[in-house]
Amino acid sequence: MERPNTSLLDVLLDVEDLRVTFRGAREVPAVRGVSFSLAPGETVAVLGESGCGKTATARAVMDLLEPGTEVTGRISYRGEDLLALPAARRRALCGSTLAMVFQDAQTALNPSFPVGDQIAEMFRVHTGTAKKAARERAVELIAKVGIPDARRRARQYPHQLSGGMRQRVAIAMAVALGPEVLLADEPTTALDVTVQAQILDLLRELLDENDSALLLITHDLAVAAQVASRGVVMYAGQVVETGPLERLYRAPRHPYTIALLESVPVLERRVEDLGSIPGAPPDPAALPEGCAFAPRCRFADELCRSVVPEPRELPEGSVVACHHAEAVAGV
Ligand SMILES: Nc1ncnc2c1ncn2[C@@H]1O[C@H](COP(=O)(O)OP(=O)(O)OP(=O)(O)O)[C@@H](O)[C@H]1O
Ligand code: SF4
Ligand SMILES: [Mg+2]
């Protein structure tokens with residue numbers, strides 16, 4: 001959908017019309033035609049209420065969805081279609097060139113091994129580094145992510161570290177192999193505000209060394225403002241608005257983005273604070289006809305309730321999926 005002003009070669013990750021359908025007792029179309037791209041050095045924030053498909057999107061890119069889940073569309077990395085790659089090649093890319101930090105550091109860490117050994121193992125497996133050298137690199141990396149007394153910490157198990165330290169170790173593992181694209185799924189949600197800011201600064205600093213791109217999934221609008229230059233707003237499995245974050249915050253075009261930002265200054269606001277929008281997001285397995293936001297939208301009319309709004313580009317370069325974006329935003 002969105003096409004930044006860069007040549008194809010400048011795009012690291014390009015996701016086009018991504019659809020994810022979970023198939024269990026019932027069919028759940030959790031992601032319904034999501035498109036976005038990431039250029040080198042760029043940080044893009046993905047915003048949206050709980051259940052809108054942010055994690056499913058990231059896990060689809062990393063091939064981390066449970067078997068049986070249907071994934072269609074195009075996910076290309078440097079022009080190579082990941083969905084068409086042989087499994088072994090895709091596995092080799094995901095975890096090294098493309099990496100992910102999870103919301104809960106526990107997901108990434110094995111409780112039964114010292115954290116230094118876990119980082120060292122990544123160097124051994126992916127780069128064939130000898131055991132002793134791999135251990136040394138792990139200690140260096142632990143120091144680099146700001147953990148004091150790195151040599152001693154490297155020998156400790158995850159439960160011996162604080163939550164903030166575990167998250168730093170998870171980040172160390174994710175950046176260990178110098179990924180070109182990092183997907184960070186609410187990497188700081190569980191931490192207190194000062195540590196959050198430190199960890200995000202650290203993350204961007206580590207990524208800047210390689211001009212790597214960061215896709216930051218967050219509920220926190222202030223966190224997004226701190227590091228991202230572009231924003232992708234999702235609702236009910238679709239992208240409803242994208243554009244430069246500064247513009248998005250200053251002059252949102254989609255009623256959902258407007259509602260996200262309404263009345264409270266962005267820097268004090270989280271997506272959960274959505275007091276001003278009555279109702280809840282729809283169940284993805286039972287979507288309303290027409291625009292998925294219509295039941296909660298104060299601008300909804302008959303057209304909205306019957307025809308799905310397609311994403312379209314506005315003259316200023318942002319992309320909005322709303323029949324009435326111009327009128328709503330007074331453009
Ligand atoms: N394994 C699964 N099987 C069936 N439905 C699922 C599965 N995983 C997620 N879903 C559903 O898919 C939708 C999108 O979930 P997802 O985890 O991507 O949301 P999210 O935007 O990351 O939310 P949050 O902000 O709470 O992390 C939700 O309705 C969720 O209930
Ligand atoms: S298409 Fe209609 S219901 Fe949907 S967000 Fe726009 S105005 Fe609201
Ligand atoms: Mg999630």
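Student: How far is the polar side-chain atom of threonine 55 from an oxygen atom of ligand 1?

Tutor: In this predicted model, the separation between that threonine 55 atom and the ligand oxygen is 2.8 Å.

Student: And what is the distance for the side chain of serine 50?

Tutor: An N or O atom of the serine 50 side chain lies 2.4 Å from an oxygen atom of ligand 1.

Student: Which backbone has a polar atom 2.9 Å from an oxygen atom of ligand 1?

Tutor: That is the backbone of alanine 56.

Student: How much of ligand 1 does the protein bury?

Tutor: Ligand 1 exposes 640 Å² when taken alone, and the protein buries 67% of that.

Student: Which elements give two or more residues to the shell?

Tutor: They are β2 (27-38) and α1 (54-61). The most comes from α1, which gives three residues.

Student: How many residues surround ligand 1, and which are the closest?

Tutor: There are 15, and the closest are Ser50, Gly51, Lys54, Thr55 and His219. By type, the shell divides into six nonpolar, five polar and four charged residues.

Student: Turning to the helices, at what angle do the axes of α4 and α7 cross?

Tutor: The axes of α4 (residues 115-127) and α7 (residues 163-175) cross at roughly 10 degrees and come within 9 Å. Because angles under 35 degrees count as roughly parallel, α4 is roughly parallel to α7.

Student: Is that crossing left-handed or right-handed?

Tutor: The crossing of α4 past α7 is right-handed.

Technical notes:
Residues are numbered from 1 along each chain as its sequence is written. Chains are lettered from A and ligands numbered from 1 in the order in which they are written. This is a predicted model: local features need pLDDT of at least 70, side-chain atom pairs count only at pLDDT 80 or more; totals for chains, interfaces and linings use all residues. Side-chain values use heavy atoms; hydrogens and water are left out. A residue is near a molecule or strand if one of its heavy atoms lies within 4 Å of it. A polar contact is a pair of N or O atoms within 3.5 Å; within protein, one must be able to donate a hydrogen and the other to accept it, and residues adjacent in sequence count only if both atoms are side-chain atoms. Accessible areas come from the Shrake-Rupley method with a 1.4 Å probe; for residues, only the protein chains shown count as cover. Helices (H or I, at least four residues) and strands (E, at least two) are DSSP runs, numbered from the N terminus. Ala, Val, Leu, Ile, Met, Phe, Trp, Tyr, Cys and Pro count as nonpolar, Asp, Glu, Lys and Arg as charged, and the others, Gly among them, as polar. Axes are lines fitted to C-alpha atoms, for helices over the stretch in contact, and angles run from 0 to 180 degrees between N-to-C directions. Angles under 35 degrees count as roughly parallel, over 145 as roughly antiparallel, 65 to 115 as roughly perpendicular and the rest as oblique. A crossing is left-handed if the near helix is turned anticlockwise from the far one by less than a right angle, and right-handed if clockwise.
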